[in-house]
Amino acid sequence: MHCHKPMHHCQQPVNMCQKPTTTKVMPAVVHPTKQNIVEKTCEYIVPEIHPTHTTNVTNHVYKHVHSFPHTTSNQQTISNQQFASGPGPGPVAGAMMPPRPPMYGGQMMAPGYGAQAQMPWNMGGGNCNCKK
């Protein structure tokens, strides 16, 4: 310890002592790391080749034009139909007879051969049930 007495003109001397300074090391305070980035760029040149080719094509087109000439002619047909009626005078020589009428319940159902109400078809004039 080191002591000294300062002197002043009009004052009495004061006793003053200085003790040595003591130092104590505290635990460190660690702050977040400050990040510094230093970039370095390495450039590489890669040649890219894109070739092209042109082919010239000549097309030969044959166009076939078809024609269809048309002529017209006329024809005529002639036909005859012959029918025989029910009981009465006999058939005329050479006359064509219609096909035999169908049988229903053992009876022939045709004009002059049985009840007309049960006939499936009509040989006489009028409505013959043909669709036009």
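Modeller: pLDDT is the predictor's confidence in each residue, on a scale from 0 to 100. This is a predicted model, so local features need pLDDT of at least 70 and side-chain atom pairs count only at pLDDT 80 or more, while totals for chains, interfaces and linings use all residues. Residues are numbered from 1 along each chain as its sequence is written, and side-chain values use heavy atoms, with hydrogens and water left out.

Biologist: What does the protein average for pLDDT?

Modeller: The average is 74, and 56% of the residues score at least 70.

Biologist: Where does pLDDT stay under 50?

Modeller: Over residues 112-127. The model has 21 contacts beyond four places in sequence for that stretch, a contact being heavy atoms within 4.5 Å.

Biologist: OK, how many helices and strands?

Modeller: Zero helices and four strands, so the pattern along the sequence reads β-β-β-β. Those are DSSP runs numbered from the N terminus: helices are H or I with at least four residues, strands are E with at least two.

Biologist: Which element has the lowest mean pLDDT?

Modeller: Strand β4, residues 107-108, at 50. The highest is strand β2, residues 16-18, at 81.

Biologist: What share of the 132 residues count as buried?

Modeller: 3%.

Terms used: Buried < 20%, exposed > 50% of the residue type's maximum accessible area, 1.4 Å probe, protein only.
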